[in-house]
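The sequence and the structure come next.

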Amino acid sequence: MADDSSTDEWKRSITLVSERGSSRLVTDDLLDRLGHYGWPPDDIFAIHLAVEEALVNAVVHGNKLDPGKTVWVDYLVSATLMRIEIADQGEGFDPHNVPDCTLAERLDRPGGRGVMLMRSFMTRIEYNAKGNSVLLEKRRDPPAEG
Amino acid sequence: MATHRRIDVSKTGDVSVVQFTDQKILDEVTIQEFGNELFGLVEVDNRKVILLDFTGVEFLSSAALGKLITFDRKLKTAKGRVKLCGLVPGILEVFQVTKLNKVFDIRADRAEALSAF
């Protein structure tokens, strides 16, 4: 049975098929929930961006669009916290080995910005040791005083 | 002239002004078409002076950024010029975080961008 605190937060687990467009099954609901809890548009944009990047990474780069592989997603939304864990069945990667896309010599490369955007827009981001599961967390900024 | 589903193109003086039909440039199919139509402006239509007006666009993923970078490279190869305008604060922050504001000339609105060509 859920405890009292669960009435102030939304939790959901969902399994995604590894196909293009499957991320919407998460993001549509997640954005609705963030709106329900009164998150400001800037934070909703940041969460949408980071979660979309992470889901595409899992489906396209992790599971390589293999229909036999799935992506597991668990998320929680409250008035002050969004936390999502996304795990794929791929080989994983070393997030510390992603080249810095902001270096002058790499600025004109078309790819490699997803992980950086997630880091920049989230409060916390952690990969498991294998690199095929990521946890994203966004804490809502307290309202500005007076 | 190439056909367009993701962009609308008009002409203001010498400048081809591009607007986007999607509020969210997000899913793979949209991004693929978005890229191909932008590339067609350079490779098929031979347009050289282009303003990308993002007014009405609320969301842009990193894959769409990749298409913009490739578009910019193609345009530079053709000795063309591009400016961007109408970015909402969130998308502007994406350009700043990735330092792509150093690659693209970003202006507040269409009037400012047109006068800067």
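In this predicted model, A:Arg33 lies over the face of A:Trp10, at 3.6 Å from the ring centre. In chain B, the charged end of B:Lys74 sits over the ring of B:Phe39, 5.0 Å from its centre.

Over all chains, the structure holds six aromatic pairs. Two of them are listed here.

| Pair | Centre to centre | Angle between planes | Class |
|---|---|---|---|
| B:Phe20 and B:Phe34 | 5.4 Å | 45° | tilted |
| B:Phe95 and B:Phe104 | 6.0 Å | 75° | edge-to-face |

B:Phe20 belongs to strand 2 of chain B and B:Phe34 to helix 1 (residues 28-43) of chain B, so their pair ties together parts that are 14 residues apart in sequence. B:Phe20 counts as buried because its relative accessibility is 9%, under the 20% cut-off. B:Phe34, at 1% relative accessibility, is also buried.

One aromatic cluster is formed by A:Phe45, A:Phe121 and B:Phe59.

Strand 1 (residues 7-12) of chain B pairs with strand 2 (residues 15-20) of chain B in the antiparallel sense, over six bridges. Within this pairing, B:Val18 in strand 2 is the bridge partner of B:Val9. Two residues lie between the strands of the hairpin, and B:Gly13 in the turn has a positive phi of about 60°.

Notes. Residues are numbered from 1 along each chain as its sequence is written. Chains are lettered from A and ligands numbered from 1 in the order in which they are written. This is a predicted model: local features need pLDDT of at least 70, side-chain atom pairs count only at pLDDT 80 or more; totals for chains, interfaces and linings use all residues. Side-chain values use heavy atoms; hydrogens and water are left out. Two strands pair if DSSP finds at least two bridges between them. Helices (H or I, at least four residues) and strands (E, at least two) are DSSP runs, numbered from the N terminus. Rings of Phe, Tyr and Trp (its six-membered ring) pair if their centres lie within 6.5 Å; planes under 30 degrees apart count as stacked, over 60 as edge-to-face and the rest as tilted. Buried means under 20% relative accessible area, exposed over 50%, partly exposed in between (1.4 Å probe, protein chains only). A charge sits over a ring if NZ of Lys or CZ of Arg is within 6 Å of the ring centre and within 35 degrees of the ring normal.
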